[in-house]
Amino acid sequence: MRYFLEIAYDGTRFHGWQVQPNALSVQEVLEDSLSKVLREPISTTGSGRTDTGVHASQQFVHFNAQQELDPQHVVYRLNRILPEDIAAVNLYPVQAEAHARYDAFARTYHYHITLRKNPFKRYHAWYHSRPLDMGKMNEAAAILIKYEDFTTFSKVKGDTKHYRCNMYEAVWQQEGEELQFTIRANRFLRGMVRLVVGTLVDVGRGKLTVAEFEQIIASQDRSRSSGAAPSEGLYLAKVEYPPELFIP
């Protein structure tokens, strides 16, 4: 049977989601724990790859099991052996061909900035000591919705076949001395959100105008984007699927 496992993790000590040689990954720890709990080799496929230091408040993976599983029991046992920085949230039986990556129709990321130095946020938000113009940042963020080609905010390496994304939402909100950027689309390119945030922050600092931000997107020139925002502020926050994938 095929299952979707919903998890959350603090990415601080991991070298990203995906298994890689000579580095600790979330996928490696999860697969090891699942294999121990289910007493069979388990291989997982994630809804997306997070980079080193990036967090997930909601991530989904799919895997096949030779046995029918009791979701509550599996989640309980998994959480007993997973490290403190990874949590199993829920387990769902799904259709045999359901795919955690390809069947997701929308993904949401949050990016957190703190304007006050906070030792408790040092691994979970970008400390930015200079004032930022939220109005200009939101003007620029709204422009993202008009475009589909995000070559400007992509990395050269990887197996990406095209750079088109359907953008549904891009907005900044402020609460006290903390800013949160919410961005939702059908798909994201590798490193895209951090490049978008880094460039929007340059708008907020006055280094770029809103018009220049749009010119940068339209240029489809990777060299014109600003530097990537630090990884510690980024969270994969929500992954959405068609309800018919899930078996009641």
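Which residues lie nearest the centre of the largest pocket, and how many residues line it? They are R49, R101, F188, L189 and R190, and the lining has 34 residues. Before I go on, this is a predicted model, where local features need pLDDT of at least 70, side-chain atom pairs count only at pLDDT 80 or more, and totals for chains, interfaces and linings use all residues. Residues are numbered from 1 along each chain as its sequence is written, and side-chain values use heavy atoms, with hydrogens and water left out.

What counts as a pocket? On a 1 Å grid over the protein atoms alone, a pocket is an open set of points where a 1.4 Å probe fits, with protein on both sides within 12 Å along at least five of seven lines; lining residues have an atom within 4 Å of a point. The largest pocket holds about 950 Å³ of space, a volume being the space filled by probe spheres set on the points, which are joined across faces, edges and corners. Two elements give two or more residues to its lining, β5 (106–114) and α4 (192–204). Helices (H or I, at least four residues) and strands (E, at least two) are DSSP runs, numbered from the N terminus. The largest share, three residues, comes from α4. By class, the lining has 11 nonpolar, 13 polar and 10 charged residues. Here Ala, Val, Leu, Ile, Met, Phe, Trp, Tyr, Cys and Pro count as nonpolar, Asp, Glu, Lys and Arg as charged, and the others, Gly among them, as polar.

Leaving aside neighbours within four places in sequence, Y163 is in contact (heavy atoms within 4.5 Å) with residues including L189, R187 and R222. The C-alpha atoms of Y163 and Q220 are separated by 9.6 Å, although these residues are 57 apart along the chain.

Now the helices. Two packed helices are described by the angle between their axes and the distance between the axes. Axes are lines fitted to C-alpha atoms, for helices over the stretch in contact, and angles run from 0 to 180 degrees between N-to-C directions.

Take α4 again. α3 packs on α4 at about 135°, with the axes 8 Å apart. The two are therefore oblique to each other; angles under 35 degrees count as roughly parallel, over 145 as roughly antiparallel, 65 to 115 as roughly perpendicular and the rest as oblique. In α3, K136, M137, A140 and A141 meet L200, V201, V203 and G204 in α4. That contact has six nonpolar, one polar and one charged residues.

How does α3 (residues 134–143) sit against α5 (residues 210–219)? Their axes come within 9 Å and cross at roughly 25°, so α3 and α5 are roughly parallel to each other. On the α3 side are K136, E139, A140 and I143, and they meet V210, F213, E214 and I217 in α5. These residues divide into five nonpolar, no polar and three charged.

Last, α1 (residues 26–38) and α2 (residues 71–81) pack at about 125°, with axes 10 Å apart. That makes α1 oblique to α2.
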